[in-house]
Amino acid sequence: MKKKFFIFVFFIFSIFLFQNSVSAYSSDPKQFIQEVVDEAKKILVASNSKENREKELSAIALKVADIKGIGLYTLGGYRKELNEKQLKEYDTLFEKYFLKSFTSRLSDYSDPKIEVLSADVKNEKYTIVKSLLLATDKKPEVKIDWRVYTKNQNKPLIRDLIVEGLSLARTQKEEFASVIESNNGDVTKLFDTLRKFIDK
Amino acid sequence: MIRKILYIAIFAMFFQANTANAGSTGSEDLKSPTKITADECFEGFSRAMFTFNHGLDKAVFKPVAKGYRALPVPIRRGTGNAMDNLRSLLTLSNNLLQGDFSAAGNTAGRFAINTTVGILGIFDPASALGLKEKGKEDFGQTLGVWGADPGCYFVLPILGPTTARDAIGKVGNVFLDPVFQITHNTEIDNGVIGNSTYSEHNYYYYRTTSAVDFRAKNIESFDSLEKNSIDFYASLKSLYLQNRSKKILNTESKVDTQDDSDWEEIEN
């Protein structure tokens, strides 16, 4: 009886461990994006308060986007000028900035209809998943490509959204560079700008 | 006549700016006609123009676009189609200049079908027949295809973001656009301003309607971009340059145009 009990406990523990070692999302990039889109849509169509919507969308973003990687890309060459403490501070600020900006952009869509079309494996690290945001009476059809980072094949992560061929990560990177350059290369001024954005 | 001289003067001025810029930039950067970055010509002036344009947009263009959007969907769709149909004549000229005869055939076929069966372009039967639009072309793109560097970046009053190459392109568009040539020449031939059939004013009505149609389709996109930008001017500059690069390459794939070097260094 005791042995059976231990086997049962071991079984349950193993399931728990297994569930935590892999993502709750599919490892196939196309399926992964489909699941992310479906999950986000559920939140957007639910009659929820704006705060709750943003909280739930942020929770998804934390799971499916490589926020740290995007943050480093966005900082470009300037990341090499920061010490460890400043980098940590930047990571924290960027995550808050990213979540606020991401949820705000998504919240503009109340019932998005997105068709996930195909996946194009670029190399072992990247797959581009192609999708289409269908037209409404007010907005034209929009092509959205997702740059999925697949280095860990069990846990794909989104690194960029490419809307009608225009990269959001690249746009953000050039925006950050502009802020730094207009402050004579002082990266800490970017931190101040990010804080202002987060607090507004 | 005076207007033509003015156009040529502007053309020459920008050509000089482009050449001067090319001379002062590193040779590596000049090799790619699809270069996505561009130095500022005069950032202070451009930022001031950007603020001016932004104010004008809020006061005039956006309200007009919102009013236009209140029209029934079929009217807006028909107007958009008709404007696109007229615009395709400029695309056709540039398809030919770029030596892209397959695209030229497609554009000409679409224009012929949509103008006749599609009742002056209000409907788009050509797409249903398999002749899908392959993208708009202009003289700035043609210069890019010919190998011209974008030159420096600046913002024009009302017309918005541009580069030295695209500014030359804007002047070239006027000469290459059959719609302008028909309306302009008819006016000259008749010796009157505002000939009721084909006056040059009609060209400006058409250009303005196209701009309103474009603005109406992008009200939320611009609002969202502005709300989520920490430097709206830099955001629009980046998007403009990316878009021009994409159009010159005639590609929908960002992978063809994006420099991945920074991504490659980042491994979690």
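How many bridges join strand β2 (residues 126–133) of chain A to β3(A)? The answer is eight, and the two strands run antiparallel. Helices (H or I, at least four residues) and strands (E, at least two) are here DSSP runs, numbered from the N terminus, and two strands pair if DSSP finds at least two bridges between them.

This is a predicted model, in which local features need pLDDT of at least 70 and side-chain atom pairs count only at pLDDT 80 or more, while totals for chains, interfaces and linings use all residues. Residues are numbered from 1 along each chain as its sequence is written, and chains are lettered from A and ligands numbered from 1 in the order in which they are written.

Chain A contains seven helices and five strands. Read from the N terminus, its elements follow the order α-α-α-α-α-β-β-β-β-β-α-α. The five strands make up an open sheet in the order β1-β2-β3-β4-β5, with antiparallel pairing. At the edges stand β1 (114–121) and β5 of chain A, each with a single partner strand, so one side of each has no neighbour in the sheet.

Strand β3(A) pairs with β2(A) and also, over six bridges in the antiparallel sense, with strand β4 (residues 157–163) of chain A. Individual residues show how these pairings are arranged. Tyr126(A) has Tyr149(A) of β3(A) as its bridge partner, and Tyr149(A) is in turn partnered by Leu157(A) in β4(A). Ser131(A) has Ile144(A) of β3(A) as its bridge partner. A residue is called buried if 20 or more other C-beta atoms lie within 10 Å of its own, exposed if 12 or fewer, and partly exposed in between, with C-beta atoms placed from the backbone. Six of the eight residues of β3(A) are buried, which leaves this strand mostly covered. Across the 200 residues of chain A, 30% count as buried.

The interior may be described through its nonpolar cores. Such a core is a set of buried Ala, Val, Leu, Ile, Met, Phe, Trp, Tyr and Cys residues joined through C-beta atoms within 7 Å. The largest has 36 residues, of which Ile33(A), Val36(A), Phe98(A) and Val148(A) touch the most other members. Helix α5(A) gives the largest share of this core, six residues. A second, separate core of 28 residues includes Met83(B), Leu90(B), Tyr153(B) and Ala234(B).

Contacts can also be followed from a single residue, two residues being in contact if their C-beta atoms, placed from the backbone, lie within 7 Å. Leaving aside neighbours within four places in sequence, Val148(A) is in contact with residues including Pro29(A), Phe32(A), Ile33(A), Tyr126(A) and Ile158(A). In chain A, residues 24 or more positions apart account for 50% of the contacts with a separation of 6 or more.

The two chains meet where 32 residues of chain A are in contact with 26 residues of chain B. On the side of chain A that touches chain B, at least two residues each come from α4 (67–75), α5 (84–107), β3 (142–149), β5 (166–167), α6 (168–181) and α7 (187–199). The largest share of that side, six residues, belongs to α6(A). By class, it has nine nonpolar, nine polar and 14 charged residues; Ala, Val, Leu, Ile, Met, Phe, Trp, Tyr, Cys and Pro count as nonpolar, Asp, Glu, Lys and Arg as charged, and the others, Gly among them, as polar.

Helix α8 (residues 164–176) of chain B has 13 residues and should span 18 Å, which agrees with the 18 Å between its end C-alpha atoms. Its buried residues include Ala164(B), Ile168(B), Val171(B) and Leu176(B).

Helix α3 (residues 43–69) of chain B has 27 residues, but its end C-alpha atoms are only 34 Å apart, short of the 39 Å that a straight helix would reach. A kink of about 50° is centred on Asp57(B) in α3(B), the bend at a residue being the angle between axes fitted to the seven residues ending there and the seven starting there. Ser46(B), Met49(B), Phe50(B) and Ala65(B) are buried in α3(B). The buried residues of α3(B) pack against β1 (153–156), α10 (200–217), α11 (219–227) and α12 (232–249) of chain B.

Conventions
Expected span 1.5 Å × (residues − 1).
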